[in-house]
Amino acid sequence: MKNLLNPKWLIVINIIPTVILLLLFYGQFGIIKSLLTTETVTVWLNFSLILLILTLIQLAYIGFSILKKQKLSIYYAFFSLLIYTILLYAYAQYTDILIPFSVPQWMINIDIVLYPGTFLMPTLIHALFILVVFSSRKSKTSSAWLSFLYGISVPVLGYLFSQVVLPLWQKTESNFELNALIVLLIIGSILFLFFICRGIYILTNINAQKISKYAIYLKILVAIILPITGLLFNNGSLSFYRGLSGSIFGNFGSIWFYIIALINGVLICLPPFKNNNFRLVRFLGLVMCFPYTLYFFLVFLPYLPLAVIAVVAIGIGFLLLSPLFLFILQANELRKEFNELVKIYSPIRLIGYISLAILILPGFITGSNLQDKYVLNNALAYVYSPDYAKIYNINKKSLTKTLARIQQNKGRNSFLSEEKLPFLTPYYNWLVLDNMILSDAKINTLGAIFLGERVESKKEVTNQASPKVKISKIESSSKFDQKQQAWVSTVDLELTNPANTNLDSYESEFILPEGCWIGNYYLNIGNRKEYGILAEKKAALWVFSQIRNERRDPGILYYLTGNRIAFKVFPFSAKETRKSGIELIHKTPITFNIDDQTVLLGDNNTKRTAKTESINGTVYVPLNEKAKLKLVKRRPEYHFIMDVSKYKASSKADYVDRINNFINKNQINPKSIKLNFTSAFSKEIDYAPDWRNQLNHQLFEGGFYLEGAIKKILIDNYIANANVYPVMIVITDTLENSILQNDFADFKIAYPESNDFYELDRYNHLWIHSLKDKPKQRLQLAKTIENPGVYSWPNTTKPKAYLANNGQPSITIDHKEIANNPTNGNKRQWLAGLNLQGIWLKSLINGGQSDKSHLNLIKQSMYSGILSPATSYLVVENEAQKLALKKKQEQILSGNKNLDPDEETQRMDEPNLYMIVVLLIMVFLYKTRYNLNFFKTIKEQT
């Protein structure tokens, strides 16, 4: 501990944590500043200024001490302990002013109450250690036991005070008594920690022969008994008090915590070996385990001021001090061994060994986390942004472990239980999840696909918005823009809640015609017309959800699948009418339908004729141009998708009979048949006489990932651009058990012939299902498989694409050409919308470039002002919400796009200090049998 007198330690212990704290304060203050009163802003600035001044003084003192080659003085320790204690006490008094209840909780990204204590506590403990070192010089054994006696007397006096003095305490109308109790508690905590640390320090540094035989008992107690007992008590294996067990401080239930604690304790208790090599091995073992000791020291650092309360209230509260005792003991053991070993080994060599040893545990944790990250990202990419040309190899055992760990880290935060690991869980979430989460829905989906776990079918959600809020008035206007040769139309809506109930929302969906884009959106907030912000979709949805929970004024527009748009406005007071509007940019006159309202946009009487247009390999073919193309009929290629998932091995013979009966009945050419063995992955083979043998040797495992199989068939066929089209026939017991959570409206470019795929049931009935909407739902029995024909574009000799014969314009792409910036730099241009559509379609087809395309799509959408499938138009009511949206967007864009910003409202994973404080106070009051009126008074004053 004497090394802590080096002034350079202050950079690590004080300067860096304080700078981090100031940056966190600055980021938080920047978001909520517009919601704060002048008084609150002043308090923020005062505390920040005090912290800054103290930091500058510390820096000046460090520079002076280094220049003069002086160690830290006892005066520094005393004044540092005094000043920072007063600062934290004053800070606690102003917490409610710093973060008033008027600020929505979802905007607060850091726990303002806990962080100052967490980041400034090292300074207090460091100052306390310095006082211990100075007061322990030339101390004897007797002063060590005397220090323990003084230390123990503090909680004893505290207990007597609670039994004798508190019941006689005269209550007043002011806060004096509460502040007096807090001051006494602070003084008692400091004295208790000082004398206990002093006693431990003296004993670990005395070499007197008469106490050496007792040192082993102290080491066994501090290094083995207390850590193991603490782990058992925290994890619920020991329960001294009902209700005070079960992951109170974190989920330290892993067997490795016990193993490392035992190994570390044994190494500490072993005497120094005479053999130099054995002595070095023991020393390096202690170094290797020291990060474990340091971890628990940091975890329990914020709780040290509560040690006196814990001892008085619970009796076994001294377990809170176990990491502190162990830290002092092991640090001194390492110092003494290093001083001996440096006489034998080269300092450079010894430092090299130390550097390697101390990195083993952090390196193992980091390596394990990186393995989880690789496995998770690989699985997410396969499911949510697959590269169809890539062969994926997912280690299912590793994925099982990873998903279980992610689920555990999400944990539960009940009053008496904390399932997460302090510091390690945030580190895991930062490294593996990019400070985002993997939602329960995605965890269940990955488990169903790769592990064959059961997952509930996603229920088809109908419009659940309140039927009371409807469109009471709709108006439109259209203007033809000669420069871009496109119509710019505005649809103005009045939304009315005719009922006497409040807070109803308006939620609707509408379909955009092909080649029509949304260029702007507004919502009236009070008498102010507020235009939407174009933001990354996940961030916008997250902010919309948070604002809605606060019952404020959000409005949002975003793509669902295909050209389907979600439109939501919230809230509505009783009898309230709100105005909103959408700007549409379209090439030809269109019919716009929303709810039961229809408006015509553009003028059909004009003689303007749309032309084929293209940008960066994306081509728009209007209906009049498509009509000039030749209609062709491609040859059908039958894809039998067989369910070879877990538990389906008994269906092999039935699959063979169904397929053979269908082929024979319809006289299908064997050369036009493909067989797909589908579980988590899909294996395609040609139809051949020995296909039954291949089925018999097929491994039945995982889930029936039908969605992935259909997408792969569609994309492979589209890329091949051959004169065949896929007819997909699913062979399974029940399609309801398949993993088919989304429709295929986004992939409509890949199935121009028909929107149908089929299910062949065990009775040889062929059922029609829709690719565009509700794919699990049976529509009707198919009598024949019709082929209406498609248009060959631009000709039949060398067709580049096949376009649907559906009476609408078509968009096609050259998937090999990269979509760059639009040539026209003006905002809200039709051609920019076409470019966005091309980027989106190419990202679906070229899965390997999806991450790059995704970021480019968001960038181009914001630049052009055109809504895209990756962005959303969001209306918010104040500057703080806009800043929160910007911050959330930056977080999402810097991480994996397949992860989620939130599940409901995730708070930062920090020590549950509130829970411990309240718990200790409750036990304390119970044991002292103090009357309920006093408890009520404290609660009201607090």
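Select Glu753 and Arg634: these two form a salt bridge (a side-chain nitrogen of Lys or Arg within 4 Å of a carboxyl oxygen of Asp or Glu), with their closest N and O atoms 2.7 Å apart. Glu753 sits in the loop between β20 and β21, Arg634 in the loop between β16 (630-632) and β17, and 119 residues separate them. Both Glu753 and Arg634 are buried, where buried means under 20% relative accessible area, exposed over 50%, and partly exposed in between (1.4 Å probe, protein chains only).

A quick word on what you're looking at: this is a predicted model, where local features need pLDDT of at least 70, side-chain atom pairs count only at pLDDT 80 or more, and totals for chains, interfaces and linings use all residues. Residues are numbered from 1 along each chain as its sequence is written, and side-chain values use heavy atoms, leaving out hydrogens and water.

Next, pick Asp372 and Lys401, which meet in another salt bridge (2.9 Å, N to O). Asp372 belongs to helix α14 (residues 360-384) and Lys401 to helix α15 (residues 396-410); helices (H or I, at least four residues) and strands (E, at least two) are DSSP runs, numbered from the N terminus. Is Asp372 buried or exposed? It's buried, at 0% relative accessible area, while Lys401 is partly exposed at 42%.

Now try Arg564 and Glu509, a salt bridge at 2.9 Å. Arg564 is in strand β10 (residues 564-572) and Glu509 in strand β5 (residues 504-511), so the pair ties together parts 55 residues apart in sequence.

Last stop: select Lys219, Arg279, Arg282, Glu333 and Glu337, linked in a network of salt bridges.
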